Amino acid sequence: MEEKTIAMELAISAVDELVKMCRSNEPLWVRSNENGKELLYPQEHAKVFHWPLNLKQRSSEFRTEASRDSAVVIMNSITLIDAFLDANKWTELFPSIVARAKTIQVISPGLSGTNGCLQLMYAELQVLSIGAY
């Protein structure tokens with residue numbers, strides 16, 4: 001039961017961070033002069049969101065990259081949420097990055113429908129990255 005409580009606390013914290021990041025603009029996000037994309041400014045992220053461990057200091061091989069964009073999705077919100085909660089549909093939604101995905105455990109089925117649903121999911125991702133190391 002303690003593990004579920006910790007998972008719920010982490011999920012709530014992650015959702016809070018996601019909402020704040022989506023609603024924030026400068027100085028957290030800066031527009032690239034090269035391609036016009038909005039890129040995450042890591043130093044500002046560290047000021048706004050306090051992680052318990054600074055992973056960057058622990059490994060010289062760790063590299064962080066983040067960008068954001070927006071688009072209109074031609075799908076109703078319930079269908080979209082159902083797709084995000086179905087690991088089998090991830091490969092259909094994101095065929096270029098999701099190699100495999102599966103649901104490990106349903107931690108909380110949600111209060112009404114998908115509201116408050118929390119699942120432990122596994123995904124094998126393939127992410128292309130360009131840059132000099």
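**View 1. Tryptophan 29 and the backbone of methionine 21.** A polar atom of the tryptophan 29 side chain sits 3.0 Å from the backbone oxygen of methionine 21. That pair is a polar contact, meaning N or O atoms within 3.5 Å; within protein, one must be able to donate a hydrogen and the other to accept it, and residues adjacent in sequence count only if both atoms are side-chain atoms. A quick note on the model: it is predicted, so local features need pLDDT of at least 70 and side-chain atom pairs count only at pLDDT 80 or more, while totals for chains, interfaces and linings use all residues. Numbering starts from 1 along each chain as its sequence is written, and side-chain values use heavy atoms, with hydrogens and water left out.

View 2. Tryptophan 29 belongs to strand E1 (residues 29-31); helices (H or I, at least four residues) and strands (E, at least two) are DSSP runs numbered from the N terminus. With a relative accessible area of 5%, tryptophan 29 is buried (buried is under 20%, exposed over 50%, partly exposed in between; 1.4 Å probe, protein chains only). Leaving aside residues up to four places away in sequence, tryptophan 29 touches Met21, Ser24, Glu38, Leu39, Leu40, Ala66, Ser67 and Arg68, where contact means heavy atoms within 4.5 Å. Glutamate 44 is 15 residues away from tryptophan 29 along the chain, and their C-alpha atoms are 8.6 Å apart.

**View 3. Serine 108 in strand E4.** Here we look at serine 108, a residue of strand E4. Serine 108 counts as buried because its relative accessible area is 17%. Not counting residues up to four places away in sequence, its contacts are Met8, Gly116, Cys117 and Leu118.

**View 4. Isoleucine 97 and a nonpolar patch.** Val73, Met75, Phe84, Leu93, Phe94 and Ile97 make a nonpolar surface patch of about 460 Å². Patch members have over 30% relative accessible area and no salt bridge, with nonpolar side chains (Val, Leu, Ile, Met, Phe, Trp, Tyr) joined within 5 Å and like charges within 9 Å; a salt bridge is a side-chain nitrogen of Lys or Arg within 4 Å of a carboxyl oxygen of Asp or Glu. Isoleucine 97 is in the loop between helix H5 (87-93) and strand E4 (98-108), and at 35% relative accessibility it is partly exposed.

**View 5. Stepping back to the chain.** Five helices and five strands make up the elements, running α-β-β-α-α-β-α-α-β-β from the N terminus on. Of the 133 residues, 14% count as buried.

Key:
Accessible areas come from the Shrake-Rupley method with a 1.4 Å probe; for residues, only the protein chains shown count as cover.
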